[in-house]
Amino acid sequence: MADTSHADVKKLSFEHAIEELESIVKRLEDGKVPLEESVAIYERGESLKRRCEELLRQAEARVDKITTDASGQAAGTEPLDVQ
């Protein structure tokens with residue numbers, strides 16, 4: 001089941017993954033989930049967090065900084081320095 005869940009997470013969009021992660025956090029914060037289920041959804045949350053981080057890194061790698069010339073006109077693009 002863990003392999004299936006991991007494969008499922010790999011297919012999620014950023015929006016769906018973050019939505020599910022927020023739902024898990026809310027359930028855990030409410031404190032009304034049995035221990036075994038808490039552990040299982042926590043592990044799912046970790047997978048979702050990693051998926052969101054992966055998608056954000058991919059998006060950052062695709063973002064370019066627009067460069068301008070002396071007159072302020074767009075002159076091209078260069079990689080965005082993300083640090």
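Modeller: The expected span of a helix is 1.5 Å times one less than its number of residues. In this predicted model, the rule can be applied to helix H3, which covers 35–62.

Colleague: What span should the 28 residues of H3 have, and how far apart are its end C-alpha atoms?

Modeller: At 1.5 Å a residue, H3 should span 40 Å; the end C-alpha atoms of H3 are 41 Å apart, which agrees.

Colleague: Which residues form the largest nonpolar core?

Modeller: That core has 9 residues, namely Val9, Leu12, Ala17, Leu21, Ile24, Val33, Ile41, Leu48 and Cys52. Helices H2 and H3 each supply at least two residues of this core. As for Val9, its contacts beyond four places in sequence are Arg44, Ser47, Leu48 and Arg51.

Colleague: Which residues of H3 are buried?

Modeller: An α-helix has 3.6 residues a turn, so residues three or four places apart point the same way. In H3 the buried residues are Ser38, Ile41, Arg44, Gly45, Ser47, Leu48, Arg51, Cys52 and Leu55.

Colleague: Why does Ser38 count as buried?

Modeller: Ser38 has 17% relative accessibility and therefore counts as buried, the cut-off being under 20%. Beyond four places in sequence, Ser38 is in contact with Leu28 and Val33.

Note on methods. Residues numbered from 1 in each chain as written. Predicted model: local features only at pLDDT ≥ 70, side-chain atom pairs only at ≥ 80, totals over all residues. Heavy atoms only, no water. Core = buried A, V, L, I, M, F, W, Y, C linked by side-chain atoms within 4.5 Å. Buried < 20%, exposed > 50% of the residue type's maximum accessible area, 1.4 Å probe, protein only. Helix = DSSP H or I, 4+ residues; strand = E, 2+ residues; numbered from the N terminus. Contact = heavy atoms within 4.5 Å.
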